[in-house]
Amino acid sequence: MDYKTSDPHAGPRREDILPATTAAAVKVVVVGGFGVGKTTMVGTVSEIRPLTTEETMTQAGVGVDDVAGVEQKIETTVAMDFGRISINEQLVLYLFGTPGQERFWFLWDGLFEGALGAVVLLDTRRLEVSYEVVGILEERGVPFVVAVNAFPGAPVHPVSELRAAMDLPDCVPIFTCDARDRASCRDALMTLMRYLYDRAHKTPEPQ
Amino acid sequence: MSKADKAWDPGNPDRLYIVTKGCEDSNKAMVRLDLVTLIVARTETDPGLQPEHGTIVRMCDYPLSVAEISAYLTLPVSTVTVLLTDLLTRGLVEARPPARVAALPDVCLLEAVMHGLQNL
Ligand SMILES: Nc1nc2c(ncn2[C@@H]2O[C@H](COP(=O)(O)OP(=O)(O)O)[C@@H](O)[C@H]2O)c(=O)[nH]1
Ligand SMILES: [Mg+2]
């Protein structure tokens, strides 16, 4: 296998080191269309300078050559920003902002698996994108809350109208948010946790 | 649930180690690494290691997620997973699996996260 020659001293800055006691991590995914504020939200709440990870996606290509029996494979590198929030000495939370092209992030198998849940950033300028995103999350059984980013000049709808337009069940929280504001992003994550907490309480525990 | 899955119970990183150690030359696929599996070096780095292996062992002095290792090495997650599988098999690093999130996550886990977020 070929590797790029890596910097032997690559690694976290001193201030970005986790304590040795950190025993486990949880993850939350921020989803939404291109330009909706995912990178901004990750950067706003992260305690480390946001980082980028990448994965190579292989898709079966169009124009499969049946005669030769050779299937064309298309490789795409998908990049994703992420940040980190230390919860306590044992637990750390990672926040991933999905790549812009929706057709790629749901191919990234490990991304939603084991995630606590997702924050959907809703772009009122392009509701159809968010509609699609919500559909994928429901299909995958990923719990989510919906944060409405207020962009200047974007159409302003009451939350109740957006809920109806998005076909959201009454129990799914939908609220306004500013991805540039730390408190607002913290509240969005807190709303997701409360929602998960309520779900865990409402459903009887399987014994 | 298979034996391999059970090894991913939270709080049991040693069980994963035993599993990988027990199948050194057979089934490497048994190591399942999540983006947020934390990796910690078990040894000092060794000049005899391949450069990428050496770099990982050095940077995992303290816990680091698979995603962070990928970011610092600027290598795709799947490539980093291959490198980490080698290191795990050789017992040079340990893996701390993510807190297990079932369909209904543990209430105590959620309480801890909410408490942590309040301090943000
Ligand atoms: N007004 C406003 N602008 C935002 C907000 N969030 C992001 N932006 C801006 O929108 C642009 C795109 O944001 P970015 O985070 O890169 O979007 P991404 O493609 O989803 O990662 C940037 O110029 C941000 O400054 C928000 O909540 N309110
Ligand atoms: Mg972005």
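Me: What should I know about the model before I start?
Reply: The model is predicted, so local features need pLDDT of at least 70 and side-chain atom pairs count only at pLDDT 80 or more, while totals for chains, interfaces and linings use all residues. Residues are numbered from 1 along each chain as its sequence is written, chains are lettered from A and ligands numbered from 1 in the order in which they are written, and side-chain values use heavy atoms, with hydrogens and water left out.

Me: How many helices and strands are there in chain B?
Reply: Chain B has 6 helices and 3 strands. Helices (H or I, at least four residues) and strands (E, at least two) are DSSP runs, numbered from the N terminus. Along the sequence the pattern is α-α-β-α-β-α-α-β-α.

Me: In what order do the 3 strands of chain B form the sheet?
Reply: The order is 2-1-3, in an open sheet with antiparallel pairing. Two strands pair if DSSP finds at least two bridges between them. Strand 2 (64-65) and strand 3 (93-96) of chain B are at the edges with a single partner strand each, so one side of each has no neighbour in the sheet.

Me: And how many bridges join strand 1 of chain B to strand 2 of chain B?
Reply: There are 2 bridges between strand 1 and strand 2 of chain B, and 4 bridges between strand 1 (residues 38-41) and strand 3 of chain B. B:L38 has B:S65 of strand 2 as its bridge partner and also stands opposite B:R96 in strand 3. B:A41 stands opposite B:V93 in strand 3.

Me: Which residues cover the faces of strand 1 of chain B?
Reply: B:L38 and B:V40 lie on one side and B:I39 and B:A41 on the other, and all are buried. Buried means under 20% relative accessible area, exposed over 50%, and partly exposed in between (1.4 Å probe, protein chains only). In a regular strand the side chains alternate between the two faces of the sheet.

Me: New topic: which residues touch the most other members of the largest nonpolar core?
Reply: They are A:M193 and B:I69, in a core of 103 residues. Helix 6 (residues 182-202) of chain A gives the largest share, 10 residues. A nonpolar core is a set of buried Ala, Val, Leu, Ile, Met, Phe, Trp, Tyr and Cys residues joined through side-chain atoms within 4.5 Å.

Me: What is A:M193 in contact with?
Reply: Leaving aside neighbours within four places in sequence, A:M193 is in contact with A:V28, A:L93 and A:L116 in chain A, and with B:L110, B:V113, B:M114 and B:L117 in chain B. Contact means heavy atoms within 4.5 Å.

Me: Where does A:D167 lie?
Reply: A:D167 lies in the loop between helix 5 (159-166) and strand 7 (174-177) of chain A. A:D167 has a positive phi of about 60 degrees although it is not a glycine.

Me: Is A:D167 buried or exposed?
Reply: A:D167 is exposed, with a relative accessible area of 54%.

Me: What about B:T74, and where does that residue lie?
Reply: B:T74 lies in the loop between helix 4 (66-73) and helix 5 of chain B. B:T74 is not a glycine either, and has a positive phi of about 45 degrees. At 47% relative accessibility, B:T74 is partly exposed.
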